[in-house]
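Have a go at each one before reading its solution.

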Amino acid sequence: PTSQIIRICLPPAATTLLVMNMKHFLALTIAACSMMSPLHAQNKQPEPFEDILREAVKEYRAGKIKEAATALDQAKALIEKQQSTQVGSTLPDAPEGWATDDMKTEDVPGYLGGGKVVKKLYKNKSGQEEVLLEIYYGSTMIKLIRGLLASDEIAKSQGFEIKRAGGEKVLAKKIEGDNHELNVPMEDEIMIKFTGAAGAKEDFMLKMLREIDRRELKSLVKP
């Protein structure tokens, strides 16, 4: 015949050795494929938050309650830092002709309602005008300020005037040096505040207000 089937008969020991070698080769192949996985999987960094939580559980199980509480405080601080960074990402970039300082996050003093405030200062490159943009959240003060929107009379009793920007109520007031301040309480959890200096225009601040993604801001702060 023009073609033949060649059968190779191996002793049992040789057959076992061949199977073992094939298994080893298969293991090496799987390992090589895993090394070609996406880059982020290879370079995944240790997660400090998870490490701290594991430490808190370890201390708790060992009966070290004080140490466990300290670890939980550290984990909470990491979450708050990440949240502040995300809140800061909703602030608009500097408009043409303006520059910004680095974003800052501060605790609001307890006598002012507590919570956090994210700040960003905008400076006009060709003049002296400055605008400080602040996002307050987690502060009981916000609910009190929002109450001023109930009526023009209540707002005026505290030196404010109620204005509208795109259907949204804004508490506006004149401050020292013929400058302007705008307060925009969003429900009871968040407040946007603009403070102008060196003659910064109110219209400019209202324009910046429209560039803030309110929906995104709420999703980052509201429980």
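**Exercise 1: the faces of a helix**

In H3, the residues Ile52, Ala56 and Glu59 are buried. This is a predicted model, so keep that in mind as you work.

Task: work out how the buried residues of H3 are arranged when you look down its axis.

Solution: 
- Start with the three buried ones, Ile52, Ala56 and Glu59.
- Down the axis of H3, the buried residues fall within an arc of 70°, so they line one face of the helix.
- Now turn to the other side of H3: Arg54, Lys58 and Arg61 are exposed there.
- Last, look for the partner: the buried residues of H3 pack against helix H4, residues 65-88.

**Exercise 2: the span of H3**

Task: check whether the span of H3 agrees with its number of residues.

Solution: 
- Helix H3 covers residues 48-61, which gives 14 residues.
- The expected span is 1.5 Å times one less than that number, so H3 should span 20 Å.
- The C-alpha atoms at its ends are 20 Å apart, and that agrees.
- Just after H3, glycine 63 has a positive phi of about 80°.

**Exercise 3: stepping back**

Task: describe the whole protein by its secondary structure, its buried share and its surface.

Solution: 
- Count the elements: there are eight helices and eight strands.
- Next, the inside: of the 223 residues, 30% are buried.

Methods
Residues are numbered from 1 along each chain as its sequence is written. This is a predicted model: local features need pLDDT of at least 70, side-chain atom pairs count only at pLDDT 80 or more; totals for chains, interfaces and linings use all residues. Side-chain values use heavy atoms; hydrogens and water are left out. Helices (H or I, at least four residues) and strands (E, at least two) are DSSP runs, numbered from the N terminus. Buried means under 20% relative accessible area, exposed over 50%, partly exposed in between (1.4 Å probe, protein chains only). Accessible areas come from the Shrake-Rupley method with a 1.4 Å probe; for residues, only the protein chains shown count as cover. The arc is that of the directions from the helix axis to the C-beta atoms. Contact means heavy atoms within 4.5 Å.
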